[in-house]
Amino acid sequence: MAEEVDVIVLGMGVGGEEVGGRLADAGLSVVGIENRLVGGECPYWGCVPSKMMIRGSGLLAEGRRINGMAGTSEVFPDWAPVARRIREEATDFWDDKVAVDRFVKRGGRFVRGTGKLAGPKTVEVDGQTYTARRGVVVGTGTKAAVPPIPGLAETDFWTNKEAIEVEELPSSLTVLGGGAIGLELAQMFQRFGVRVTVVEAMDRLMSYEEPESSALITEVLQRDGVTVHTGCRADRVDGMTVHLADGREFTSEKLLVATGRTADLHKLGLDTVGLDPAAKELTVDGHMRAADGLWAVGDCTGHGAFTHMAMYQAAIAIRDILGQEGPPADYRAHPRVTFTDPEIGSVGLTEEAARHQGIHVQTAYTKLPEATRGWIHKVGNDGFIKLVADRDRDVLVGATSAGPTGGEVLSALAVAVHAQVPVHVLQHMIYAYPTFHRAIEAAVQQLEV
């Protein structure tokens, strides 16, 4: 016999956990279903532990920069405290008891299992059926995408999960994929003494970002000692040897596959609610509705595998379910940060994307070392500000902030894009001195109004 509740949350990742907890706070009866860990990828294999690793490698880099700036130094990497911190502080040894208890204390009911849709407002999990008076929220996330390279499936390769869980570092590592995850981990491992090679099929790293970002990160990685190969596709894999289509081959102790992420929707029962089970993503409207009585949030909606996107969409879905007023989703000022050193933050459209939309584009560019703070910072001051403006509307439609605190400086640019602050207003603001963000002023003065 089916059990009736107000809302069923299918997938308790970052977005699902937020929806379930907030709706329970509001007094609704909520069942949260998760077959892995409550909180999802971010706290266990993504944002939190990876940034702990990056923090460690950043300290090593800073230590090496002392020479010639403030004395002399000799740095000896030690992976043990990083691995210990990930286990003890970030993941509780990959145990979600704290997260489950938090949800239950807020009034939710937690079910460990693999659920699937079984009709409108209905979910089955391990033989039990639940129906929802208000509806179902899907937040089933994504998993690492593994390309169909001959021989790869028979190889003991890493995804981001194995890379995060590693207790002893390999001597060498080949990374397939030149996106954010692959590059963050590549630089981090290299700084801990691993010999790293990055192989990217596209003609440049971070091909979805500005060409200036690609050029900068390539230069920085090579300076760190990472071997970078772009425009080359893996033809087959034999053990830990990657064979490229042009005949070259690379052998390492470990192989990391970081070629993107994919939503696994075919087992979700989408056909029972009139949706395509072969879809790559769940199409939602501005209020996160995928169908009558069905909402979706997070990675599975195809708006980027970002924690902040899942939280943003969760807030919209919560308002809609509770009947509260609020604006629909607006992705024009979508921010994203790659936490390499330098950090590369971007928001909105790239120059190429803006031109593709027919926007009357004007750009501005300034190098961070030419700004006073960049000059003061000296070693480790790689970076730039790039602005993409719509001349017809006198607003920014995109921007990139690369530098030691590129992700933080991005916040000012994200506000400018989201709020459509006129360029002439940005040109007449007061910018604190000497800050990294003051480079924005140098760039914005280049734009015609």
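Contact here means heavy atoms within 4.5 Å. Helices (H or I, at least four residues) and strands (E, at least two) are DSSP runs, numbered from the N terminus.

This is a predicted model: local features need pLDDT of at least 70, side-chain atom pairs count only at pLDDT 80 or more, and totals for chains, interfaces and linings use all residues. Residues are numbered from 1 along each chain as its sequence is written, and side-chain values use heavy atoms, with hydrogens and water left out.

**Stop 1: helix α12**

Select residues 406–418. This is helix α12, with 13 residues. From its first C-alpha to its last it reaches 18 Å, close to the 18 Å expected at 1.5 Å a residue. The expected span is 1.5 Å times one less than the number of residues.

Now centre on Ala412. Here α12 bends by about 30°. The bend is the angle between axes fitted to the seven residues ending there and the seven starting there.

Which residues of α12 are buried? Colour Gly406, Gly407, Val409, Leu410, Leu413, Ala414, Ala416 and Val417. Buried means under 20% relative accessible area, exposed over 50%, and partly exposed in between (1.4 Å probe, protein chains only).

Show what covers them. The cover includes strands β18 (335–338), β19 (343–348), β21 (384–390) and β22 (395–403). It also includes helices α13 (423–427) and α14 (438–444). Step just past the end of α12 to Gln420, which takes a positive phi of about 50°.

**Stop 2: Val337**

Go to strand β18 and pick Val337. Val337 counts as partly exposed because its relative accessibility is 21%. Leaving aside neighbours within four places in sequence, Val337 is in contact with Glu184, Glu343, Ile344, Gly345, Gly407 and Leu410. Gly407 and Leu410 are among the buried residues of α12. For a distance check, pick Ile217: it is 120 residues from Val337 in sequence and 13 Å away, C-alpha to C-alpha.

**Stop 3: two cis peptide bonds**

Most residues other than glycine have a negative phi, and most peptide bonds are trans. Select Asp341 and Pro342. A cis peptide bond joins them, with omega about 10°. Pro342 sits in the loop between β18 and β19.

Then jump to Tyr433 and Pro434. They too are joined by a cis peptide bond, with omega about -10°. Pro434 is in the loop between α13 and α14.

**Stop 4: the second largest pocket**

Return to Asp341. Together with Ile54, Gly58, Glu343 and Pro404, Asp341 is among the lining residues closest to the centre of the second largest pocket. That pocket has a volume of about 400 Å³, and 20 residues line it.

Which elements give two or more residues to the lining? They are α3 (47–64) and α7 (180–191). The most comes from α3, with seven residues.

A pocket is found on a 1 Å grid over the protein atoms alone: an open set of points where a 1.4 Å probe fits, with protein on both sides within 12 Å along at least five of seven lines; lining residues have an atom within 4 Å of a point. Grid points are joined across faces, edges and corners, and the volume is the space filled by probe spheres set on the points.

**Stop 5: the nonpolar cores**

A nonpolar core is a set of buried Ala, Val, Leu, Ile, Met, Phe, Trp, Tyr and Cys residues joined through side-chain atoms within 4.5 Å. The largest has 88 residues. Met53, Trp79, Phe189 and Val196 touch the most other members.

Zoom in on Phe189. Not counting residues up to four places away in sequence, Phe189 touches Met53, Trp79, Trp158, Ala163, Val166, Leu169, Leu173, Val194 and Val196. A second, separate core has 26 residues, including Ala333, Val347, Ala416 and Val444.

**Stop 6**

Pick Ile316 in helix α9 (residues 307–322). Ile316 is buried, with a relative accessible area of 3%. Outside four places in sequence, Ile316 touches Gly286, His287, Met288, Pro327, Pro328 and Ala329.

Next, Glu17 in helix α1 (residues 14–25). Buried or exposed? At 15% relative accessibility, Glu17 counts as buried. Beyond its neighbours within four places, Glu17 contacts Met12, Val38, Gly39, Ala99 and Arg102.

**Last stop: positive phi**

Trp94 is not a glycine, yet its phi is positive, about 60°. Find Trp94 in the loop between α4 (80–90) and α5 (97–105). Trp94 counts as buried, at 18% relative accessibility.

Finish on Lys121, in the loop between β4 (115–117) and β5 (122–125). Its phi is positive too, near 55°. At 28% relative accessibility, Lys121 counts as partly exposed.
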